[in-house]
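The notes follow in the order I checked them.

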Amino acid sequence: MRRLSPGAENGVASPCVIEPSGNNLSANALYLAHRVGTCFKLRKSEQALCEAAFFGRQGFQESGEPVSAHFAAVEFVACRRREADGAFPLQALLIRADMDPYTLYTLLTLASVGKAGVILLVAPQYPARITRAMHSWALGGLMTGMNFALFILAGRALVPEPVALGGAVTLAIGGTLLVFVAVQELRERAYSKFALLGVFVLTAVSNVYTLYAGYDKLRISTNSAWAAAVFFMIASALLRPAPPSGRSIYRVTGVLALAISVVLAIRAVNPLILGAPIVHPMDENWVQQLTYSAMLVGNVLGSLCFGLIVAEELNAELHQLASFDSLTRIYNRRVFENLATDELLRARSKREPVSLLMIDIDHFKQVNDRHGHAAGDAALVRVAETMEESLRHRDLFCRYGGEEFGVLLPATTQEQAQRIADRLRLATMHAGFRYGEEAISLTVSIGVTCIDRPPYDLSLLKHSADRALYHAKQNGRNRVAVV
Ligand SMILES: Nc1nc2c(ncn2[C@@H]2O[C@H](COP(=O)(O)OP(=O)(O)OP(=O)(O)O)[C@@H](O)[C@H]2O)c(=O)[nH]1
């Protein structure tokens, strides 16, 4: 008879004794899982129990009462639970899930590779800017996954431990840098590839040096400091400058990145200030556990947040497409008419005057014919820019279609509108457009109308402005006419 103390390793009283007899299906399954070399790495006590059950042995309580292997297995689970109660959250999670760190790493590797695969698969169907960001994100996920895979290989003695330690951290930092790139690409901001490559190379070099010299504390501190800095960069990119209103997902993700950065900073100063020993990734102390908990939670929440950011960006892109003219980037006619109708309602309640300008570029067909269609497009963009610079923030400006623009001027009398129209005309005439080497002379004709009493009706206003524009054209162009 062999005495087995399943909880003894953990200071828990021995619940049962095992000896040959009986059999049990769940214990068999566990044992077979263990034998086929899966990632389920059983503790010695569990292994003995499973072996006992598999080879048909029977358990006895300390009182001498026989128990089935199933009962013994239940006792083991109870022992693990008692062990979990006193453990740090992540460790407790692993114990309750009957997982060892290698199992966790295997699952994280599979999750990272799977996540990258899914992102790469769907990325091409998104707009180019979002696709680029998704590629960077997926590549970052893959690198992070490879980092966990190195730990598994080291655990199975397939890769020398120093190589795994240094390589894993370098890959993790590289993956995190790519997350930063993804955020910058989404927000259409520039970043220096060389600076990021420099951080990556420095991480690799500092790891080789500290591993070679055996400076374990320094290695852990510098690696944690690098990682904290990169997460801080991600947080800043997400939070600053203030994200566009309604995009709270940027704020949530930024705060998450900031929290991870703080945890990593604690780990960086730990060997100097707190003194909790960390030499090996599997060390079980609170700083290490806090770091892994943050990385695990950050990985899951970060993926969710990135998905929501992509959805948000797609929404913004669709809104942009539906609301703005693709060439000049000012409002299209549909949105202009909706906003103008709202503005007229507001003006009616306040009894304020509202003016409308209809603007048409003179002899634009000749611009196309002489300089080509691309030059015509460039001229349209420049005219829109010139006028936008001369207008107030609350004025509504749109491309009505072709080479025709509309401007709604809230709280503006006819005289004021006429002066504004003349300013726009002169600004266009003196703007001095060039297309390549060629100078293009452009003028505009403008029809002005104003309404200061009911009915505040957009189609009436538009009709009057069109008539005024017709007069301006008839009277020789490059002029302002009022109706
Ligand atoms: N390049 C370019 N040309 C455009 C665009 N939209 C409309 N046009 C051109 O604008 C020209 C407008 O010509 P017309 O309506 O005859 O007017 P115009 O030549 O400006 O003459 P007036 O308005 O009478 O002074 C046409 O040749 C259109 O092809 C555009 O998006 N890009």
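I started with the burial of β5 and found that 8 of its 8 residues are buried, so I noted the strand as mostly covered, counting a residue as buried when 20 or more other C-beta atoms lie within 10 Å of its own. The model is a predicted one.

Val354, Leu356, Met358 and Asp360 are on one side and are buried.

Next I looked up the pairing. Which strand does β5 join through 8 bridges? It is β10, residues 444–451, and the two run antiparallel. Ile359 stands opposite Ile446 in β10. β5 also pairs with β7, residues 404–410, in the antiparallel sense over 7 bridges. There I noted Val407 of β7 as the bridge partner of Leu357.

I moved to the ligand. I listed 16 residues around it, of which Asp362, Phe364, Lys365, Gly376 and Gly402 come nearest. The elements giving two or more residues to this shell are β5 (354–361), α13 (364–371) and α14 (373–390). α14 gives the most, with 4 residues. By type, I recorded 7 charged, 5 polar and 4 nonpolar residues in the shell.

Last, I checked the record. The unreviewed UniProt entry lists "transmembrane region" for several spans, including residues 163–182 and 290–311. In the model, residues 163–182 are 100% helix, with end C-alpha atoms 28 Å apart. Residues 290–311 are also 100% helix, and their end C-alpha atoms lie 31 Å apart.

Key
Residues numbered from 1 in each chain as written. Predicted model: local features only at pLDDT ≥ 70, side-chain atom pairs only at ≥ 80, totals over all residues. Near = placed C-beta within 6 Å. Nonpolar A, V, L, I, M, F, W, Y, C, P; charged D, E, K, R; others polar. UniProt positions renumbered as here; feature names shortened; annotations may be inferred. Buried ≥ 20, exposed ≤ 12 C-beta atoms within 10 Å, placed from the backbone. Pairing = 2+ DSSP bridges.
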